[in-house]
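Here is my note on the structure, as numbered points. Please read it with the sequence and the model side by side.

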Amino acid sequence: MAFESFNEFIAMGGHAPYVWAAWGVTGALLVAVVLHARAERRLLLRNLQRRVRREERQGANRGEMAGVSHQTGGNHHDT
Amino acid sequence: MAGSETRLVAGEGRGVSRREPRSGLAVALWATLKRDLLLLMRRRSEVLNPLVFFALVITLFPIGISPDPQLLATIAPGLLWVAALLAALLSLDSLFRGDYDDGSLEQLLLTPQPLPMLALAKVTVHWLLTGLPLALMAPVLGIMLSLPAGSYLVLAFSLVLGTASLSLIGAIGAALTVGLSRGGVLLSLLVLPLYIPVLIFGAGAVQAGIVGDGAAAHLAILGALLALALMLAPWAIAASLRISING
Amino acid sequence: MWAFINKLRSPKWFYAIGARLQPFFWVAAAALILVGTVWGLAFAPADYQQGNSFRIIYVHVPAAFLAQSIFVSMAMCGLVYMVWKIKVADMAAAMMAPLGAAMTFVSLFSGAVWGVPTWGTWWMWDARLTSMLILLFLFLGVIALRGAFSSRDSASRAASVLAMVGVINIPIIKYSVDWWYTLHQPATFSITGRAAMPMEMWAPLLIMVLGFYSFFIALTLMRTRSEILRRESNKRWVRDLAGEKR
């Protein structure tokens with residue numbers, strides 16, 4: 001242990017603002033990145049499910065196969 | 001106007017190469033060089049603009065900082081180099097733009113000759129009409145910034161070597177952004193970080209020339225950077241042109 | 001060998017294998033970063049010159065290492081994409097770039113904060129900080145170029161070429177900046193420039209570096225899998241997958 005007490009640990013020998021700012025920003029960024037990745041994944045899955053369901057409905061209505069659709073953006077380049 | 005005459009010259013080159021298949025590449029290179037030189041000479045403002053820009057930027061600094069000759073002398077090497085670099089950057093956007101707009105770039109891609117070589121010919125013309133004049137003009141501006149005597153030759157020579165590298169590296173960025181409608185700012189974002197080594201050794205050479213020692217080493221490194229750029233850049237330019245045309 | 005490459009070609013296979021590898025790397029990242037944090041912040045001895053401000057090294061150096069590695073892996077992915085047309089490689093490269101820029105920013109920020117107690121100023125044109133700043137611009141360039149194209153295929157190939165050009169230039173930039181710095185020689189010492197750290201100091205550093213790398217791998221796996229869903233959303237297996245998840 002490099003510190004005698006918890007208060008000393010927080011004070012960081014007078015360098016508290018610098019040490020905690022650097023660690024804080026790094027930690028916050030790592031957490032934010034993970035949260036963003038999770039939100040991104042959830043949103044994608046939800047959109048995908050919604051689309052599949054919608055196309056199933058449409059397919060059932062028209063009696064057609066749920067084939068290629070261009071209702072969601074960003075797929076124009078896949079062939 | 002420029003387009004029709006362009007095709008004429010390019011067609012001539014191909015016609016000759018069909019008759020003499022062995023020297024096809026040399027003919028194509030020569031035709032590209034001649035055509036680009038001719039085109040740029042016809043549009044003289046494109047050649048002159050970077051030079052005027054160079055002089056203007058150099059004029060801004062004594063006004064913005066101080067007319068004190070001693071202060072100017074200390075910052076002159078860096079100033080001259082940065083201003084020349086920006087002037088070279090300014091001219092990059094038009095490197096492939098005209099050919100892209102009139103479709104002759106596609107013709108260039110379709111020729112049987114290796115594209116890297118043709119791209120190299122185009123970059124050579126660009127350097128001849130921007131880098132070289134900038135290098136020749138720099139000593140005059142050096143006088144105005146009271147650059148210490150003894151470094152004028154080094155300044156010109158470092159710019160001759162350096163701007164060639166700048167043209168080669170910059171052409172990669174120009175080729176990547178030629179298909180984009182607003183590629184200008186993006187081009188500088190892509191290219192400027194890659195210019196830093198050239199700037200360091202170019203300004204370093206002039207600095208060393210003032211001190212009177214070690215300029216040769218800096219120039220040698222500038223030469224090495226140029227050799228590396230000559231080896232690698234044409235392929236990157238060719239690949240980038242293919243992406244911009246086919247995409 | 002070819003069978004393996006052909007497998008790599010398939011986003012479906014990558015999606016499945018990524019799902020299996022991902023938890024392992026998340027656990028490793030969490031454990032390593034936790035141990036490194038506790039050890040580095042509370043147990044490592046203070047530096048005899050810099051005191052406790054030295055503890056910034058445990059975020060500054062891993063972030064800087066990771067940022068550089070991310071650029072290199074981005075360029076390698078670009079090469080793989082250009083040579084073998086493996087789409088997953090490009091998806092991974094696209095997902096890495098923002099993290100690389102973020103890590104570069106972290107190392108710059110922590111370096112600047114570290115500069116206050118060490119140099120008495122927020123910014124010094126120190127060789128390492130300068131090259132990290134240039135690296136940040138390189139990252140931003142790749143991200144901006146990818147975003148500028150309307151066709152995804154062109155964007156991928158352009159970003160790949162730029163990443164490869166950048167990775168050839170990084171060592172040149174690094175060495176020239178080092179030289180430039182020694183030439184001008186300001187009267188300071190580089191914050192991380194000293195060799196021969198005692199074991200109690202570098203062991204947590206090593207753990208943090210490994211933790212950051214695991215984090216990078218885990219996050220890239222996760223985001224690449226998301227990107228696969230996005231780009232392959234017309235494929236049968238993706239639809240089946242979405243159906244199952246309901």
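How many residues of chain C are in contact with how many residues of chain B?

1. The contact between chains C and B. The answer is 25 residues of chain C and 19 residues of chain B, where two residues are in contact if their C-beta atoms, placed from the backbone, lie within 7 Å. On the chain C side, the elements that give two or more residues are helix 5 and helix 6 (152-184). Helices here are DSSP runs of H or I with at least four residues, strands are runs of E with at least two, and both are numbered from the N terminus. Helix 6 of chain C supplies the largest share of that side, 15 residues. By class, the side of chain C that touches chain B has 18 nonpolar, five polar and two charged residues. Ala, Val, Leu, Ile, Met, Phe, Trp, Tyr, Cys and Pro count as nonpolar, Asp, Glu, Lys and Arg as charged, and the others, Gly among them, as polar.

2. What kind of model this is. The model is predicted, local features need pLDDT of at least 70, side-chain atom pairs count only at pLDDT 80 or more, and totals for chains, interfaces and linings use all residues. Residues are numbered from 1 along each chain as its sequence is written, while chains are lettered from A and ligands numbered from 1 in the order in which they are written.

3. Confidence. The model scores ipTM 0.85 and pTM 0.87. Chain C has a mean pLDDT of 87, and 91% of its residues reach 70 or more; pLDDT is the predictor's confidence in each residue, from 0 to 100. Among the elements of chain C, helix 3 has the highest mean pLDDT (93) and helix 1 (residues 2-9) the lowest (69). Where pLDDT is low, the predicted coordinates should not be read in detail.

4. The contact between chains A and C. Here 32 residues of chain A are in contact with 41 residues of chain C. Helix 2 (residues 16-62) of chain A gives the most to the chain A side, with 19 residues. That side divides into 21 nonpolar, eight polar and three charged residues.

5. Chain B as a whole. Chain B holds ten helices and zero strands. Along the principal axes, the C-alpha atoms of chain B fill a box of roughly 60 × 35 × 30 Å. Of the 247 residues of chain B, 47% count as buried. A residue is buried if 20 or more other C-beta atoms lie within 10 Å of its own, exposed if 12 or fewer, and partly exposed in between. Among contacts in chain B with a separation of 6 or more, 79% join residues 24 or more positions apart.

6. The nonpolar core. The largest nonpolar core has 160 residues, and those with the most contacts inside it are L80(B), A84(B), A171(B), A93(C) and L162(C). Helix 4 of chain C gives the most to this core, with 17 residues. Such a core is a set of buried Ala, Val, Leu, Ile, Met, Phe, Trp, Tyr and Cys residues joined through C-beta atoms within 7 Å. Leaving aside residues up to four places away in sequence, A84(B) touches F54(B), L134(B), A138(B), L159(B) and T163(B).

7. Two buried residues. L79(B) is found in helix 4 (residues 69-92) of chain B and is buried because 22 C-beta neighbours lie inside 10 Å. Beyond four places in sequence, L79(B) is in contact with I58(B), F61(B) and L145(B). S131(C) lies in helix 5 (residues 127-148) of chain C and counts as buried, because it has 21 C-beta neighbours inside 10 Å. Not counting residues up to four places away, S131(C) touches I173(C), K174(C) and V177(C).

8. Most residues other than glycine have a negative phi. Phi of S146(B) is near 45°, and phi of K85(C) is near 60°. S146(B) sits in the loop between helix 7 (115-144) and helix 8 (152-177) of chain B, and K85(C) in the loop between helix 3 (57-84) and helix 4 (87-119) of chain C. S146(B) is partly exposed, because it has 17 C-beta neighbours inside 10 Å; K85(C) is exposed, with 11 other C-beta atoms within 10 Å.
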